[in-house]
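Here is a short report for a reader meeting this structure for the first time. Please look through the sequence and the model, then read on.

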Amino acid sequence: MKRYLNKYTVLLLITSVLASSCTKEDGIFTDGGSSGIVELQLPARTTSTIYAIASRSFATQDEVDFPITINYTGVNGTPADVVVNVDVNSTAVTQYNDASGTAYTTLPANLYNVTSTNVSIPKGTKTGTFLIKLKTSLFDFSKSYALGVTIKSSSSGTVSGNYSTGIYRVIAKNAYEGDYKVTGWFFHPTAGRPLNLVKKLATTGKLSVSAPLGDLGSSNYSFEFTVDGNALTGYKATGATPGGLNSGFLTADHPEASSSWANNPASADQPGQGQWKTATYNNTYDAASGTFFLAYGYIGSGGTGQSGWSRQVYEKWVKQ
């Protein structure tokens with residue numbers, strides 16, 4: 001009888017240990033990570049990156065809200081009301097620059113206000129908001145601003161080791177940034193084709209933007225320009241776009257740039273014919289309708305100017 005009792009006792013102990021192990025693991029595999037972790041909501045970072053970084057763009061205003069989300073991980077949210085102490089950490093930007101070889105400018109204190117350093121996460125919820133108010137109308141567009149933020153403490157849970165500090169690039173958007181419906185034609189020696197897509201202009205300065213080239217944005221072809229009244233000036237090749245005399249704005253139509261422009265459909269007009277003329281696509285901006293008309297071209301190498309650009313693009317951009 002004693003031997004059977006011992007076996008029964010051992011079986012109970014094994015069952016108890018297994019149950020205990022399962023209970024401990026419940027929190028580990030909730031929400032894709034450990035429960036009860038307090039962290040900044042940021043993109044994932046690698047171990048080689050000192051801090052995670054995110055970029056946010058804001059309209060140019062006297063004051064605009066910049067909300068930063070604080071997460072409390074787990075399925076059921078906080079077990080009670082939680083107060084998290086969060087603040088700006090200017091040193092973090094310098095540390096990030098030193099570690100990553102970047103040159104972000106720490107956002108000066110006169111360009112933002114912190115409404116409160118205490119963030120509340122009510123019982124049973126998972127997020128709270130650390131609110132910063134940015135004075136984007138005072139931003140210097142020649143600078144790449146960044147703001148460091150750190151979770152200093154939490155009344156409950158464990159402050160994350162990986163995402164307690166983060167870097168936020170803060171970019172003031174000019175009036176031209178946004179999504180545009182783009183139609184036109186991409187003339188090419190072997191693959192001429194119509195364009196009908198949505199593209200985005202991104203702020204690079206108070207009056208300047210970056211644009212994807214034709215339909216090659218996914219291949220990192222891009223260029224920048226400045227809006228000077230209704231004229232587009234200051235063309236600059238960026239990304240994979242050939243620079244120097246190998247690309248730029250068209251000021252005349254040069255169908256002779258290729259001896260055999262191949263269009264699909266083949267019956268389509270050539271550059272300088274039909275509607276595809278720089279008299280219409282004249283690198284201008286119509287503020288009333290939010291519309292750009294662009295004509296530009298490029299060649300891989302050996303360019304001497306626009307008469308030799310074997311790729312020519314005519315586009316109409318209408319803001320969405």
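## Two faces of helix H2

Asp-98 and Ala-99 are exposed, on the face of H2 turned away from its buried side. Exposed means over 50% relative accessible area, buried under 20%, and partly exposed in between, with a 1.4 Å probe and protein chains only. The model is predicted: local features need pLDDT of at least 70, side-chain atom pairs count only at pLDDT 80 or more, and totals for chains, interfaces and linings use all residues. Residues are numbered from 1 along each chain as its sequence is written, and side-chain values use heavy atoms, with hydrogens and water left out.

H2 covers residues 90-100, and its buried residues are Ala-92, Val-93, Tyr-96 and Asn-97. Seen down the helix axis, these buried residues fall within an arc of 140°, so they line one face of H2. The arc is taken from the directions from the helix axis to the C-beta atoms. The buried residues pack against four strands: S2 (52-59), S5 (105-106), S9 (145-154) and S11 (165-173). Contact here means heavy atoms within 4.5 Å.

## The ends of H2

At the start of H2, a side-chain oxygen of Asn-89 comes to within 3.2 Å of the backbone nitrogen of Thr-91. Such a polar contact is a pair of N or O atoms within 3.5 Å; within protein, one must be able to donate a hydrogen and the other to accept it, and residues adjacent in sequence count only if both atoms are side-chain atoms. After H2 comes Gly-101, with a positive phi near 75°.

## The chain as a whole

The protein chain has two helices and 20 strands. Helices (H or I, at least four residues) and strands (E, at least two) are DSSP runs, numbered from the N terminus. Of the 320 residues in the protein chain, 41% are buried. Take the contacts between residues at least 6 apart in sequence: 66% of them join residues at least 24 apart.

## The largest pocket

The largest pocket holds about 190 Å³ of space. A pocket is an open set of points on a 1 Å grid over the protein atoms alone, with protein on both sides within 12 Å along at least five of seven lines; lining residues have an atom within 4 Å of a point.

Thirteen residues line the largest pocket, and Phe-141, Lys-143, Ser-144, Arg-169 and Ile-171 lie nearest its centre. S11 gives the most to the lining, with four residues.

Ser-289 sits in the loop between S18 (284-286) and S19 (291-298). Ser-289 is partly exposed, at 39% relative accessible area. Its side chain makes a polar contact of 2.7 Å with that of Asp-286, and another of 3.0 Å with that of Thr-291. Val-318 is 29 residues away along the chain, yet the two C-alpha atoms are separated by 7.6 Å.

The His-188 side chain reaches the backbone nitrogen of Ala-191 at 3.0 Å. Beyond four places in sequence, His-188 touches Arg-193, Trp-261, Ala-262, Ser-310 and Arg-311.

Leu-216 lies in the loop between S14 (208-212) and S15 (221-228). Leu-216 is buried, at 16% relative accessible area. Leaving aside neighbours within four places in sequence, Leu-216 is in contact with Phe-186, Arg-193, Tyr-221 and Tyr-298.

Technical notes:
On a 1 Å grid over the protein atoms alone, a cavity is a set of points where a 1.4 Å probe fits but cannot get out, and a pocket is an open set with protein on both sides within 12 Å along at least five of seven lines; lining residues have an atom within 4 Å of a point. Grid points are joined across faces, edges and corners, and a volume is the space filled by probe spheres set on the points.
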